[in-house]
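I opened the notebook to look up helix packing and nonpolar cores. My entries follow the order in which I checked them.

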Amino acid sequence: MFEKLIHFSLGNRLLVCMAAVVLLVYGGFTLTRMPVDVFPDLNKPTVTLQAEAGGMAPEEVEQLITIPLEIAMSGMPGVESIRSVSGVGLSFVYVTFNWKTDIYRARQMVGERLSNVREQLPQGVSHVGMGPVSSIMGEIMSVALPIDVSKIGPMAVREYADFVIRPRLLTIPGVAQVVPIGGEVRQYQVQPDTQRMAALGVTLENLEAALRGFSGNTSGGFLELNAREYLIRNIGRTTRIEDLQRLSVAYRNGQSISLGQVAGVAFAPAIKRGDAGYNGKPAVILSVQKQPDGDTVRLTGQIEQALDGFKKSLPPGMGAPIVTMRQASFIEASVSTLQGKFLAAGMVVAVVLYLFLMNARTTVIALMAIPLSVMITVLVFRYFGFSINTMT
């Protein structure tokens, strides 16, 4: 077989040369578009379930939320293991599938089971859902927004991170999640004055019912006039604190009692369960996570380009975004080192071949096998869906 291959190659030199050139060109073209990463995707397809139940102790979270979720997730095709973590008001359930399971198919099956188990969960569970599609090495960048309290407040910086930077980064293909940490989260806080409430005959149930219906638009159907239909709407949505202070909570002696008469109403930061800083000063940190099939180097460049665009439109007093962790730097350094190793190894191989063969033409022909074999390897990686990383 090997002898026939040699005779065929020698008899069709032009065809062999053309095939080699095509492989080199196509392999080089594919190499520029191959995803480059630190490690391959090391974790099996895993779907993370998150549930929030404020005020519950870990024992209650375990019994009332975590165990029903685990039971509902059991028995699905491809499930290998289910593990969970229960904390104060938080439940995390990790459903791990085998390597053959497609992650999006797994999320579909989990979503179907999750819709059925929601009815079994107790009241007070504010959120039950799946986490983003991300890998174990998914955190590719951390961005800091320094806070200078003499120029801008922590609440304004956090709002800019939540409502400007985070939505912009999520529009970049390949970004799975952007998690802001630190700063102050703005809240409408209502602090009832029990003495005033008792004097005016207002109960906590009155306050709760009034606040539940605050800032909402309602529909009154439509009005047909002159062969046309006119939509009837009650516009009540607002974000002004003054409108909340004037909210009517009860009627006594034909007069309306506003919320501001029986409670203190103001914007205030939410209770912190953690904080962030940069160089020993307060800051808002944004953790950027990528999807499992994302190209870290290319995705990092797109994120940095988006961050440069924010520098022209920052609010007064806010510092420019600063990249504190960049996984692509390690990848670029590793690739640069590998290129040097390849060049040095190629020179050593060329010298050894020439010393053994003592023929420049034969040495060049033998050396041509090195880039050709590399490009064939790249095409094999592409076919099997591998990425270029420290293991491959």
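I note at the start that the model is predicted.

**Entry: α3 and α4**

I began with helix α3, residues 58-73, and helix α4, residues 103-117. Their axes lie 9 Å apart and pack at an angle of about 135°. An angle in that range is neither roughly perpendicular nor roughly antiparallel, which runs over 145 degrees, so α3 counts as oblique to α4. I looked up the hand of the crossing: α3 and α4 cross right-handed. Then I listed the contact. From α3 come Pro68, Leu69, Ala72 and Met73. From α4 come Val110, Arg113, Leu114 and Val117. I sorted the contact by class and got 7 nonpolar, no polar and 1 charged residues.

**Entry: nonpolar cores**

Next I turned to the largest nonpolar core, which has 24 residues. Which of its residues touch the most other members? I found Leu169, Leu286 and Ile303.

Leaving out residues up to four places away in sequence, Ile303 touches Ile140, Met141, Leu169, Ile172, Val175 and Val288. Another core lies apart from the largest one. This other core has 23 residues, including Met56, Ala106, Val128 and Val133.

**Entry: α11 and α12**

I moved on to helix α11, residues 327-357, and helix α12, residues 360-367. Their axes come within 9 Å and cross at roughly 140°. That makes α11 oblique to α12. The crossing of α11 past α12 is right-handed. On the α11 side I noted Gly346, Val349, Ala350, Leu353, Tyr354 and Leu357. They meet Ala360, Thr362, Thr363, Ala366 and Leu367 of α12.

**Entry: α12 and α13**

Last, I paired α12 with helix α13, residues 369-384. How are α12 and α13 set, roughly parallel or oblique? Their axes cross at roughly 10° and come within 5 Å. Angles under 35 degrees count as roughly parallel, so α12 is roughly parallel to α13. Ile365, Ala366 and Leu367 of α12 meet Ala369, Ile370 and Pro371 of α13. I checked the classes of this contact too: 6 nonpolar, no polar and no charged residues. Ala366 and Leu367 of α12 had already come up in the contact with α11.

Conventions: Residues are numbered from 1 along each chain as its sequence is written. This is a predicted model: local features need pLDDT of at least 70, side-chain atom pairs count only at pLDDT 80 or more; totals for chains, interfaces and linings use all residues. Side-chain values use heavy atoms; hydrogens and water are left out. Axes are lines fitted to C-alpha atoms, for helices over the stretch in contact, and angles run from 0 to 180 degrees between N-to-C directions. Helices (H or I, at least four residues) and strands (E, at least two) are DSSP runs, numbered from the N terminus. Angles under 35 degrees count as roughly parallel, over 145 as roughly antiparallel, 65 to 115 as roughly perpendicular and the rest as oblique. A crossing is left-handed if the near helix is turned anticlockwise from the far one by less than a right angle, and right-handed if clockwise. Contact means heavy atoms within 4.5 Å. Ala, Val, Leu, Ile, Met, Phe, Trp, Tyr, Cys and Pro count as nonpolar, Asp, Glu, Lys and Arg as charged, and the others, Gly among them, as polar. A nonpolar core is a set of buried Ala, Val, Leu, Ile, Met, Phe, Trp, Tyr and Cys residues joined through side-chain atoms within 4.5 Å. Buried means under 20% relative accessible area, exposed over 50%, partly exposed in between (1.4 Å probe, protein chains only).
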